[in-house]
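Colleague: Put the model up, please. I want to ask what each label rests on.

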Amino acid sequence: MSTHRQLKRTTVPDIRAMKGATPIVGLTAYTSLTAVLLDDQADLLLVGDSLGMVLYGLDSTLAVTLDMMIAHGQAVMRGSTKTCVIVDMPFGSYQESPEAAFRAASRVMKEVGCAGIKLEGGEEMAETIRFLTRRGIPVLAHVGLLPQSVNTAGGFRSHGKAGGEADSILADAVAVAAAGAFAMVVEGTVEPLARRITETVPVPTIGIGASPHCDGQILVTEDMTGLFSDFTPKHVKRYANLGEGIRQAAVEYAADVRAGRFPGPEHCFGVKPD
Ligand code: KIV
């Protein structure tokens, strides 16, 4: 018999049950250190493929690999005990066929031990979502602005202003929910569309740049803490200025080292007091 005490993490059904009851707090996490800091506050930690841009300095998320997502997913699991951890499927790992998606997603589930995976896409991904969920893999869907489709979309812009586009994104949301997604990220959509989606689908909507009319919100942690300060998108509220704090700490450290002020006697071993 195992003596290992099972810690109770927020589960996918817990997140599903939050629709209309209590707002879902989502944040991204890519490292164990960040997961430790966020575990008490976030209902859901997403190991987003945004790590390609935020951590690795890539121009888009397209070059992120399954191995990168697995390594970062494992780190986030090691740093958390309470929150529901979801890992993004990177570009190229799931679009080809439901079977290919299952092979990649089952690797993530086995090697990371997370609660589920996220993938981007609407009606065109419904068959794959159905295939995965019927085989035991919880799926967080992602509709609206799809960063992995940046090349076909021609850049990042808000979606759903035109009626035709809004209707098609709503149809995407309805399709992924019907296919079994337990919740969906709604990214970069105008407020009336986010409201229509949230009122229409039976599963939680988690907005990013999609107005308050969602069942929860998610932000990239490095954006909202001011660590990633190349630019601040309109949808981001800055809750801290950690980037500037780190830069200032480095300025002071460099000055101390150059002036011989660091290390002081209190930082040294075997120094006899005068
Ligand atoms: O990759 C990511 O971080 C995401 C969030 C922006 C939702 O998909």
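Colleague: What makes the link between the side chains of aspartate 49 and glutamine 148, and at what distance?

Modeller: A polar contact of 2.7 Å. The term means a pair of N or O atoms within 3.5 Å; within protein, one must be able to donate a hydrogen and the other to accept it, and residues adjacent in sequence count only if both atoms are side-chain atoms. The 2.7 Å value falls within that 3.5 Å limit, so the label applies. This is a predicted model: local features need pLDDT of at least 70, side-chain atom pairs count only at pLDDT 80 or more, and totals for chains, interfaces and linings use all residues. Residues are numbered from 1 along each chain as its sequence is written, and side-chain values use heavy atoms, with hydrogens and water left out.

Colleague: Where is aspartate 49 found?

Modeller: In the loop between β2 (44-47) and α3 (51-54). Helices (H or I, at least four residues) and strands (E, at least two) are DSSP runs, numbered from the N terminus.

Colleague: Which residues does aspartate 49 touch?

Modeller: Leaving out residues up to four places away in sequence, they are Thr61, Val64, Met69, Asp88, Met89, Pro90, Glu120 and Gln148. Contact means heavy atoms within 4.5 Å.

Colleague: Why is aspartate 49 said to have no salt bridge?

Modeller: A salt bridge is a side-chain nitrogen of Lys or Arg within 4 Å of a carboxyl oxygen of Asp or Glu. The nearest side chain of opposite charge to aspartate 49 is lysine 118, at 5.2 Å. That is not within 4 Å, so no salt bridge is counted. For charge, Lys and Arg are positive and Asp and Glu negative; His and the chain ends are not counted. Aspartate 49 is also buried, meaning under 20% relative accessible area, with exposed over 50% and partly exposed in between (1.4 Å probe, protein chains only).

Colleague: Which residue forms a salt bridge with lysine 118?

Modeller: Aspartate 88, with the closest N and O atoms 2.8 Å apart. Aspartate 88 is in strand β3 (residues 84-88) and lysine 118 in strand β4 (residues 116-118), so the pair ties together parts 30 residues apart in sequence. Both aspartate 88 and lysine 118 are buried.

Colleague: How do you know that aspartate 167 and arginine 196 meet in a salt bridge?

Modeller: Their N to O distance is 3.0 Å, which is within the cut-off, so the pair counts. Aspartate 167 belongs to helix α8 (residues 163-178) and arginine 196 to helix α9 (residues 191-200), so parts 29 residues apart in sequence are tied together. Aspartate 167 has 43% relative accessibility and counts as partly exposed. Arginine 196, at 34%, is partly exposed too.

Colleague: What separates arginine 247 and glutamate 244 in helix α11?

Modeller: About one helical turn, because they are 3 residues apart in that helix. Their side chains meet in a salt bridge of 2.9 Å, N to O. Glutamate 244 is partly exposed, at 36% relative accessibility.

Colleague: How many salt bridges does the count come to?

Modeller: The count is 10. Asp67, Arg107 and Glu111 are linked in a network of them.

Colleague: What span is expected for helix α11?

Modeller: 26 Å, at 1.5 Å a residue. The rule is 1.5 Å times one less than the number of residues. Helix α11 (residues 242-259) has 18 residues and reaches 26 Å from its first C-alpha to its last, close to expectation. Just after α11, glycine 260 takes a positive phi of about 75°.

Colleague: Why is α4 called largely enclosed?

Modeller: Because 10 of its 14 residues are buried. Among them are Leu66, Met69, His72 and Val76. The buried residues of α4 pack against α2 (32-38), β2, α3, β3 and α5 (98-112).

Colleague: How is the protein chain divided?

Modeller: Into domain 1 (12-240) and domain 2 (243-274). The bounds come from an automatic or database domain assignment. The C-alpha centres of the two domains lie 42 Å apart. The chain has 11 helices and 8 strands, and buried residues make up 50% of its 274 residues.
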